[in-house]
Amino acid sequence: MITIHDVHKRFGEKRVLEGVSLTIPEGKTAVIVGCSGCGKTVLLRSIIGLVSPDSGSIRVGEDEVVGAERRDLFRIRRRFGMLFQGAALFDSLTVAENIGLALREHTRLSRQEIRNRVREKLEVVGLSGIEDRKPAELSGGMRKRVGLARALIMDPRYVLFDEPTTGLDPVMSDAINRLIIGTQRRLGITAIVVTHDMTSAFGIGDKIAMISDGRIVFEGTPEAFRTSALPAVKQFVRGGLDG
Ligand SMILES: Nc1ncnc2c1ncn2[C@@H]1O[C@H](COP(=O)(O)OP(=O)(O)OP(=O)(O)O)[C@@H](O)[C@H]1O
Ligand SMILES: [Mg+2]
């Protein structure tokens with residue numbers, strides 16, 4: 001379980017997180033929504049210590065992330081897979097090299113074993129046989145799927161997805177959503193997904209949380225979110241489904 005309690009973060013004068021509290025149950029998918037610039041990425045990055053909150057607590061299982069030493073942060077981070085906003089792949093590396101990077105850097109596995117694991121993850125995301133291609137030769141949807149394979153390569157217990165479907169057409173978005181649900185269930189991982197896309201949020205979330213003005217203003221089931229009387233939520237649901 002991941003437990004976020006009263007997290008504050010500001011950059012200079014700009015207050016971004018002003019007391020965020022949220023729990024993400026083990027083995028479930030939590031979706032975080034909110035307007036552009038409201039701090040969703042900052043929150044995700046805080047969970048793995050890439051952003052240091054000014055105060056508050058973020059517990060990953062037994063470990064406290066806020067104020068943790070570098071060495072402990074590296075250990076905690078190993079339990080996470082990340083699909084960053086933009087899913088930047090290294091253009092100069094092949095698909096297989098991109099996906100296998102963490103295995104080369106953090107394990108002593110043989111080249112053959114790495115090759116096998118990369119192939120296995122490419123199968124998981126439905127892209128068998130593209131090991132030797134370069135990112136520039138792939139469509140946006142394929143790049144996202146390669147990013148997902150890379151996020152899964154260390155067999156993480158937790159996976160963070162930052163806008164996994166942004167910029168994709170509805171058919172490809174749907175395919176990515178199904179892939180996220182499928183891998184999450186099959187591998188039993190705990191997933192946190194940041195998205196603007198309400199269809200995705202309703203489709204994949206066991207739980208939805210909404211950030212507004214630096215705080216979580218809603219936390220509950222997709223059904224409760226859909227029928228919430230909170231003006232901020234109503235506006236977001238309507239806007240998201242229309243646009
Ligand atoms: N390293 C940083 N230094 C200064 N300001 C930052 C930094 N990181 C984020 N911010 C600011 O924090 C605010 C929240 O940014 P964040 O990226 O979390 O938004 P977001 O909710 O993910 O938005 P989007 O939906 O557009 O991705 C923004 O105003 C951003 O400019
Ligand atoms: Mg963001």
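Which residue in strand 4 is the bridge partner of His-8? In this predicted model, the bridge partner of His-8 in strand 4 is Ser-55, and the views below begin with the sheet that holds this pair.

**View 1. Strand 1 and strand 4 pair in the antiparallel sense.** The pairing of strand 1 (residues 2-11) with strand 4 (residues 55-60) extends over 5 bridges. Besides the bridge of His-8 with Ser-55, the view shows His-5, which stands opposite Ser-57 in strand 4, and Ile-4, which stands opposite Ile-58 in strand 4. Both strands belong to an open sheet of 4 strands, in which the order is 2-1-4-5 and the pairing is antiparallel. The edges of this sheet are formed by strand 2 (14-24) and strand 5 (63-64), each of which pairs on one side only.

View 2. Strand 1 and strand 2 are joined in the antiparallel sense over 8 bridges, and Thr-3 stands opposite Thr-23 in strand 2.

**View 3. Ligand 1 is shown with the residues around it.** The shell consists of Phe-11, Val-16, Gly-34, Ser-36, Gly-37, Cys-38, Gly-39, Lys-40, Thr-41, Val-42 and Gln-85. Which helix gives the most to this shell around ligand 1? It is helix 1 (residues 40-47), which gives 3 residues. By residue class, the shell around ligand 1 divides into 4 nonpolar, 6 polar and 1 charged.

View 4. Strand 9 (residues 207-212) and strand 10 run antiparallel and are joined by 5 bridges, with Met-210 standing opposite Phe-218 in strand 10.

**View 5. Helix 5 and helix 6 pass each other in a right-handed crossing.** The axes of helix 5 (residues 140-152) and helix 6 (residues 170-187) come within 10 Å and cross at roughly 15 degrees. The two helices are therefore roughly parallel to each other, since an angle under 35 degrees counts as such. On the side of helix 5, the contact involves Gly-141, Lys-144, Arg-145, Leu-148 and Leu-152, which meet Met-172, Ala-175, Ile-176, Leu-179 and Thr-183 in helix 6. The residues of this contact of helix 5 with helix 6 comprise 6 nonpolar, 2 polar and 2 charged.

**View 6. Helix 3 and helix 5 also pass in a right-handed crossing.** The axis of helix 3 (residues 95-106) and that of helix 5 come within 7 Å, and they cross at roughly 30 degrees. That crossing makes helix 3 roughly parallel to helix 5. Which residues make the contact of helix 3 and helix 5? Helix 3 contributes Val-95, Asn-98 and Ile-99, while helix 5 contributes Val-146, Ala-149 and Arg-150. The residues of the contact of helix 3 with helix 5 divide into 4 nonpolar, 1 polar and 1 charged.

Conventions. Residues numbered from 1 in each chain as written. Chains lettered and ligands numbered in written order. Predicted model: local features only at pLDDT ≥ 70, side-chain atom pairs only at ≥ 80, totals over all residues. Axes fitted to C-alpha atoms, helices over the stretch in contact; angles between N-to-C directions. Parallel < 35°, antiparallel > 145°, perpendicular 65-115°, else oblique. Left-handed = near helix turned anticlockwise from the far one by under 90°. Contact = placed C-beta atoms within 7 Å. Nonpolar A, V, L, I, M, F, W, Y, C, P; charged D, E, K, R; others polar. Near = placed C-beta within 6 Å. Pairing = 2+ DSSP bridges.
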